[in-house]
Amino acid sequence: MRLQLEKQLLFLSLLCILSKVCAQLCRRPCYCPWVPPRCPRGSPLVLDGCGCCKICARRLGEPCDFLHVCDQSQGLVCDYSTVPTGTGATCNYSEEGCEVNGRVYRDGEVFQPSCKLQCRCLDGGFTCIPLCQEDVRLPTPDCPYPRRVEVPGKCCPEWICEARDQLAPLLPYPCQEWGTEWSACSATCGVGFSTRVSNQNRYCRLETQRRLCVARPCPALPAASPSALQGL
């Protein structure tokens, strides 16, 4: 905080000095070259500090002064904090901006670092909101295996219904088969089922498997006697 206050006081004192020499630097009327200068790539034509002639805006790290202004469209300001060290003022990023992926945005500026995010620069930082819906699709009878995939030519992924029977996925690791013994038949006679836990499937996942079983045939029911039938 103290260092920042000292920088502000130094900046104000330099402004006072510049205001005194401004009248000597800015001559009226303006005398400008007939042909404007040809600027290097990334350096736009801007008015000088006197507002008279068009000059090439100074870029990041280049020397600057009252007349030779920095490229404000890139968030650059003339930084006088290095003047006491004897290196002179240079164009630097404004402390109020924010830098994202090597580009500086002005305070309050809205930008999109990617098609999936929209961000806003605020007080030296930035906040973002997603532009793609983060919905969840649960399995349904008509779509038992939903899956989200990237679609060529589209920014946001979309849900598709995966047909598991037509897929033969390649596992990134060898599957070591494992399984328990089949349980006893659920029925003491006739048709029943037995279960086991095994990973012997195409996905190498543990699952409960069932199969039909017959422990023994059920005994036949005794035939009803004629006298019993007559009593019905």
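## Burial and the model

Buried means under 20% relative accessible area, exposed means over 50%, and partly exposed lies in between (1.4 Å probe, protein chains only). By that scale, Arg-216 is partly exposed, at 45% relative accessibility. Of the 232 residues of the protein, 19% count as buried.

This is a predicted model: local features need pLDDT of at least 70, side-chain atom pairs count only at pLDDT 80 or more, and totals for chains, interfaces and linings use all residues. Residues are numbered from 1 along each chain as its sequence is written, and side-chain values use heavy atoms, with hydrogens and water left out.

## Helices, strands and contacts

The protein has two helices and 13 strands. Both kinds of element are DSSP runs, numbered from the N terminus: helices are H or I with at least four residues, strands are E with at least two.

Contact means heavy atoms within 4.5 Å. Take the contacts in the protein between residues at least 6 apart in sequence: 27% of them join residues at least 24 apart.

## The three-stranded sheet

Strands of a sheet pair through backbone hydrogen bonds, either parallel or antiparallel. Here, three strands form an open sheet in the order β7-β8-β9, with antiparallel pairing. Two strands pair if DSSP finds at least two bridges between them. β7 (110-114) and β9 (125-130) stand at the edges. Each has a single partner strand, so one side of each is left without a neighbour in the sheet.

Neighbouring strands of this sheet are turned by 35° against each other on average, direction ignored. Such angles run from 0 to 180 degrees between N-to-C directions, and the axes are lines fitted to C-alpha atoms, for helices over the stretch in contact. Strand β8 (residues 117-122) runs antiparallel to β9, and six bridges join the two. Leu-122 stands opposite Gly-125 in β9.

## Two nonpolar cores

A nonpolar core is a set of buried Ala, Val, Leu, Ile, Met, Phe, Trp, Tyr and Cys residues joined through side-chain atoms within 4.5 Å. The largest one has seven residues: Cys-64, Cys-70, Leu-76, Cys-78, Tyr-80, Ala-89 and Cys-91. A second, separate core has six residues, among them Cys-98, Val-100, Cys-119 and Cys-121.

## Salt bridges

Side chains of opposite charge can pair when their charged atoms come close. A salt bridge is a side-chain nitrogen of Lys or Arg within 4 Å of a carboxyl oxygen of Asp or Glu. The count by this rule is three. One joins Arg-59 to Glu-62, with the closest N and O atoms 3.2 Å apart. Arg-59 is partly exposed at 30% relative accessibility, and Glu-62 is partly exposed at 24%.

Glu-150 and Lys-116 meet in another salt bridge, at 3.5 Å from N to O. This pair links distant parts of the chain, 34 residues apart. Glu-150 lies in the loop between β10 (146-149) and β11 (158-161), while Lys-116 lies in the loop between β7 and β8. Glu-150 is exposed at 52%, whereas Lys-116 is partly exposed at 34%. Lys-154 and Glu-158 also form a salt bridge, at 3.0 Å from N to O. Lys-154 is partly exposed at 48%, as is Glu-158 at 33%.

## Two buried serines

Where does Ser-43 lie? Ser-43 is in the loop between α1 (2-25) and β1 (45-47). Its relative accessible area is 8%, so Ser-43 counts as buried. A polar atom of the Ser-43 side chain lies 2.5 Å from the backbone oxygen of Ala-57. A polar contact is a pair of N or O atoms within 3.5 Å; within protein, one must be able to donate a hydrogen and the other to accept it, and residues adjacent in sequence count only if both atoms are side-chain atoms. Leaving aside neighbours within four places in sequence, Ser-43 is in contact with Cys-56, Ala-57 and Arg-59.

Ser-198 belongs to strand β12 (residues 191-198). Ser-198 is buried, at 0% relative accessibility. Its side chain reaches the backbone nitrogen of Gln-200 at 3.0 Å. Not counting residues up to four places away in sequence, Ser-198 touches Trp-178, Gly-179, Arg-205, Leu-206, Glu-207 and Gln-209.

## Back to Arg-216

Arg-216 sits in the loop between β13 (207-214) and α2 (226-230). Which residues does Arg-216 contact, leaving aside neighbours within four places in sequence? They are Thr-188, Cys-189 and Gly-190. Arg-216 and Gly-190 are 26 residues apart in sequence, and their C-alpha atoms are 6.0 Å apart in space.
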